[in-house]
Amino acid sequence: MKKLLIALTLILICSHTANAQLGGLKINKKHLDAATKTAKALTLTDEQIATYCQEYIDWMDAHNPVCKTTDSDPGMKAVADRLEKIKATMPSDVKLDIQAYYVVDQNAFACANGSIRVFAGLMELMTDDGILGIIGHIVNKDSKEAFKKALLTSALKDAVGSTGDVAATLTDSQLGELGEALAGAQFSQKAEYAADDYGYEFLKKSGKDPMGMVTALRIIQKLSDDAGVDKSKAKQLFSTHPESGKRADKLEAKYKKEYK
C-alpha cells in the first residue's frame with residue numbers, strides 16, 4: 001500500500017522593504033500590499049471557492065491511488081467495493097462525491113464542493129457504521145470556511161489575493177501547502193460537538209446504529225493518544241482533534257437515554 005507523501009515547499013522571499021510617506025505617516029508598502037491581498041482573499045465568492053476546491057481535489061486524485069470497483073489490484077478493489085456498500089446505505093437525498101485513497105494514512109477530509117476522500121488506513125480501523133458516521137461528521141463541518149482559511153496561508157495569499165474576480169491556477173507546491181493547511185485545520189469545541197451530533201443523526205437517518213459514531217470517536221482518541229508516542233502520526237488528521245474521548249462520552253450518554 002502506498003503512503004501519501006506531500007512535500008512541503010519552503011518559499012523564502014528576500015526583498016528590500018519599500019516605504020511610502022503619506023501625510024507625515026510612514027507606511028510599510030510591503031505590509032499594505034499584504035493587507036490588500038488578504039482583504040481580496042476574504043471576499044472570495046462561492047464560485048471561486050468551488051473552483052479552488054475542484055482544482056485541489058483534481059490534484060489530490062492525480063497524486064494518490066483512487067480505489068475503483070474495476071481495479072485489477074484486489075486490495076484496491078476490496079476498498080472500493082466496501083466504500084460503495086457504505087455509500088449505498090446513505091439517504092437518497094445526500095449527493096456527495098465520495099472516494100477512497102489506497103494509502104496507509106488514517107485520514108479523511110471534505111471539501112466545500114461536496115467532495116469527500118476517505119483513506120484506506122482509516123477504513124482498516126473502523127467498522128462500516130463508523131466510516132459512515134465520520135462521513136456525516138466531516139460533512140457537517142464548515143469546510144467552506146476552513147478552505148478559505150487555508151487559502152489565506154502565506155504562500156497562497158499572494159496568488160489568491162491578486163487575481164481579482166478570477167480564481168488563480170495554483171502551482172503544485174501551493175496545492176501541497178493547501179493540503180497541509182487543511183489537514184491541520186482546527187475547529188471550535190462547539191463545531192466539533194455539532195459535527196458529532198450530525199454524524200450520530202446521520203447514522204440514524206441511514207438506518208444504522210448511531211453507536212458507530214461513539215466507537216469512531218474512541219478510535220480517534222486512541223490515534224490522538226498514540227500521536228504522543230509515535231511522532232509519525234503527529235500530523236494525521238484526527239490527532240489534531242482533542243477531547244474525542246469526552247465527546248464520545250457525551251454521545252454515549254445520549255445513546256443510553258434514547259435506547260435504554
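**Chatting through the model**

Mentor: D73 is partly exposed, with a relative accessible area of 33%. Buried is under 20%, exposed is over 50% and partly exposed is in between, using a 1.4 Å probe on protein chains only. Before we go on: this is a predicted model, where local features need pLDDT of at least 70, side-chain atom pairs count only at pLDDT 80 or more, and totals for chains, interfaces and linings use all residues. Residues are numbered from 1 along each chain as its sequence is written, and side-chain values use heavy atoms, with hydrogens and water left out.

Trainee: Okay, where does D73 lie?

Mentor: D73 is in the loop between α2 and α3. Helices (H or I, at least four residues) and strands (E, at least two) are DSSP runs, numbered from the N terminus. A polar atom of the D73 side chain lies 3.0 Å from the backbone nitrogen of M76.

Trainee: And D71, where is that found?

Mentor: D71 is also in a loop, the one between α2 (46-63) and α3 (74-87). D71 is buried yet has no salt bridge. A salt bridge here is a side-chain nitrogen of Lys or Arg within 4 Å of a carboxyl oxygen of Asp or Glu.

Trainee: So what does its side chain reach?

Mentor: The D71 side chain gets to the backbone nitrogen of K68, at 2.6 Å. The side chain of K68 also makes a polar contact with the side chain of Q99, at 2.9 Å. A polar contact is a pair of N or O atoms within 3.5 Å; within protein, one must be able to donate a hydrogen and the other to accept it, and sequence-adjacent residues count only if both atoms are side-chain atoms.

Trainee: Is Q99 buried or exposed?

Mentor: Buried, with Q99 at 18% relative accessibility. Q99 is in strand β3.

Trainee: New topic. How many salt bridges are found in the whole structure?

Mentor: The search finds 15. One of them joins the side chains of R117 and D97, at 3.0 Å from N to O. That pair links distant parts of the chain, with R117 in strand β5 and D97 in strand β3, 20 residues apart. R117 is buried, at 0% relative accessible area, while D97 is partly exposed at 30%.

Trainee: How many disulfides does the search find?

Mentor: It finds 0 in the whole structure, counting a disulfide as a pair of cysteine sulfur atoms within 2.5 Å. For C111, the nearest cysteine sulfur is that of C53, 4.5 Å away. C111 is buried, at 4% relative accessibility, and C67 is buried at 6%.

Methods: Lys and Arg count as positive and Asp and Glu as negative; His and the chain ends are not counted.
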